[in-house]
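Welcome, and please take a moment to look over the protein shown here.

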Amino acid sequence: MAISYKDAGVDKNEGYKEVKLIKEHIKRTLRPEVMADIGGFSGLFKLKDYKKPVLVSGTDGVGTKLKFAFMTGIHNTVGIDAVAMCVNDILCQGAEPLFFLDYIATGKLIAEKMADIVEGVAEGCVQSGCALIGGETAEMPGFYSEDEYDIAGFAVGCVEEDEIIDYEKSVKVGDVLVGLPSSGVHSNGFSLVRKILETKNIDLKKVYDGFDKPLDEVLLTPTRIYKKAVFEALKTNAVHGMCHITGGGFYENIPRMMPEGMAAKVTIKDIKTPHIFDLIQDWGGVETKEMYGTFNMGIGFVFAIEKNAKDDFIKTLEGIGEKPVVIGEVVNQEGDKCVIEEL
C-alpha cells in the first residue's frame, strides 16, 4: 500500500488553507519598502532615507508562557510577545524596527489556530511599525505533540551610524535611571510561575481579587512594545543608554548598559508593582531578591539619561501617556553592577 505525506502526519492542504487565512493579517503590517508579496521564498525590503545605515537584529521566542496558551485555547496574543521580545531588544540601540519574520513549529497544523497566532504577530508588527515580510510554519508530527507548538521570531531594524546608542561611550556617573511600566509578567520567568502554580495546585480559572478575568488570562497579557516611547525619548537627546528588562530581571539586564567601573544603584519605592507579582511571591514564598532577579517587577524598559534633563525627559514621556518612574542612578562601583537599596 502506498503511503502519503498525510499518512505520515503532514497535511499540505491545511498549510495552503493557513496561507489564505493569514494574508489579511500580513497586509496590515506592510510598509512602502516591502518589495515582495507573501508566498515567495524570501522577503524583499528596500532601505530608504538612510545616509549611513547600520542594520540591527534581534531574535527570541515566547518560552514556556506558551503553556498557558495551550491551556486556555487563546492563541492570538502570544504572537505579540514574539515580536515584542525581539523589537524591544533592538530598540535599545536606537534602531527603528523595519521588518519581522516568524517561525512556528507544531505537531499538527490546524489552519485556524496558526492564523490566530499570526494575527498576534501581525498586531505586534503594527504596534512596532515593522512589516511582517516572511515566516515559516513547520508541521512536525512525532516531534511536537499535536496540540502544542513553539514560536520564535527575528527582527531587523536600522539606525544611522552616528545615532547608535553606545552605552560604553555615553553612560556616565550621575546619570538618572528612568523606568517605564510593564504590562505584567511579559514573557520571562514562566518556568518558575508554572512550578509555583503546579506545586500549590492554584486554580488557573479563578478570578482572584484585583483582577477582572481568570488567572490564566492575566498571565497571557502580552509583552509591552516600547517603540513609541523610545522614539519620543530619543527626541530629547538626553538618552545615554537603554535596556529591556527580560529574563534575569533587574540584576541581569540593567548592568548590560553599565560601562566598566560603573553600576546601577536602584531604588524600588516608587515602582507600582502589578498585583500578579504579589500573588506569585506569596504562593511560592519567593525571596524578594529572587523576584527582582527573575521578573520585571513592573518595569519593562529602563533609560539612563542626563541628570540635568530629568524633568523635561519625564514631561516628554508623560505627554504621550507614559508613566515614567525614576528608579535610581549610575554610580562609580566595582563588583556588583546592580544594587537595589531596599533589599
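How much area is buried between domain 1 and domain 2, and what percentage of it do carbon and sulfur atoms give? The area buried between the two domains is about 2300 Å², and carbon and sulfur atoms give 70% of it. Keep in mind as you read that this is a predicted model.

The domain assignment places domain 1 at residues 8-160 and domain 2 at residues 167-341. Taken over C-alpha atoms, the centres of domain 1 and domain 2 are 25 Å apart. Where they touch, domain 1 brings 29 residues to the contact and domain 2 brings 29 residues. As for salt bridges across this interface, the rule finds zero.

## The largest pocket

Now let us turn to the open spaces. The largest pocket holds about 900 Å³ of space. Its lining is made up of 35 residues, and those closest to the pocket centre are Val19, Ile38, Gly135, Glu136 and Thr137.

Which elements supply at least two residues each to this lining? They are helix 1 (12-27), strand 2 (96-106) and strand 3 (131-139). Helix 1 gives the most, with nine residues. Sorted by class, the lining of the largest pocket has 18 nonpolar, eight polar and nine charged residues.

## The second largest pocket

The second largest pocket has a volume of about 290 Å³. There are 15 residues in its lining, and Gly94, Val159, Glu163, Phe231 and Leu234 are the closest to its centre. Two or more lining residues come from each of strand 4 (149-160) and helix 8 (227-234). Strand 4 gives the most to this lining, with three residues. By class, the lining of the second largest pocket has nine nonpolar, two polar and four charged residues.

## Salt bridges

How many salt bridges does the structure hold? There are 19 in the structure, while the count across the interface of domain 1 and domain 2 is zero.

Key: Residues are numbered from 1 along each chain as its sequence is written. This is a predicted model: local features need pLDDT of at least 70, side-chain atom pairs count only at pLDDT 80 or more; totals for chains, interfaces and linings use all residues. Side-chain values use heavy atoms; hydrogens and water are left out. On a 1 Å grid over the protein atoms alone, a cavity is a set of points where a 1.4 Å probe fits but cannot get out, and a pocket is an open set with protein on both sides within 12 Å along at least five of seven lines; lining residues have an atom within 4 Å of a point. Grid points are joined across faces, edges and corners, and a volume is the space filled by probe spheres set on the points. Helices (H or I, at least four residues) and strands (E, at least two) are DSSP runs, numbered from the N terminus. Ala, Val, Leu, Ile, Met, Phe, Trp, Tyr, Cys and Pro count as nonpolar, Asp, Glu, Lys and Arg as charged, and the others, Gly among them, as polar. Domain bounds come from an automatic or database domain assignment. Contact means heavy atoms within 4.5 Å. Buried area is the accessible area (1.4 Å probe) that two parts lose on being put together, summed over both. A salt bridge is a side-chain nitrogen of Lys or Arg within 4 Å of a carboxyl oxygen of Asp or Glu.
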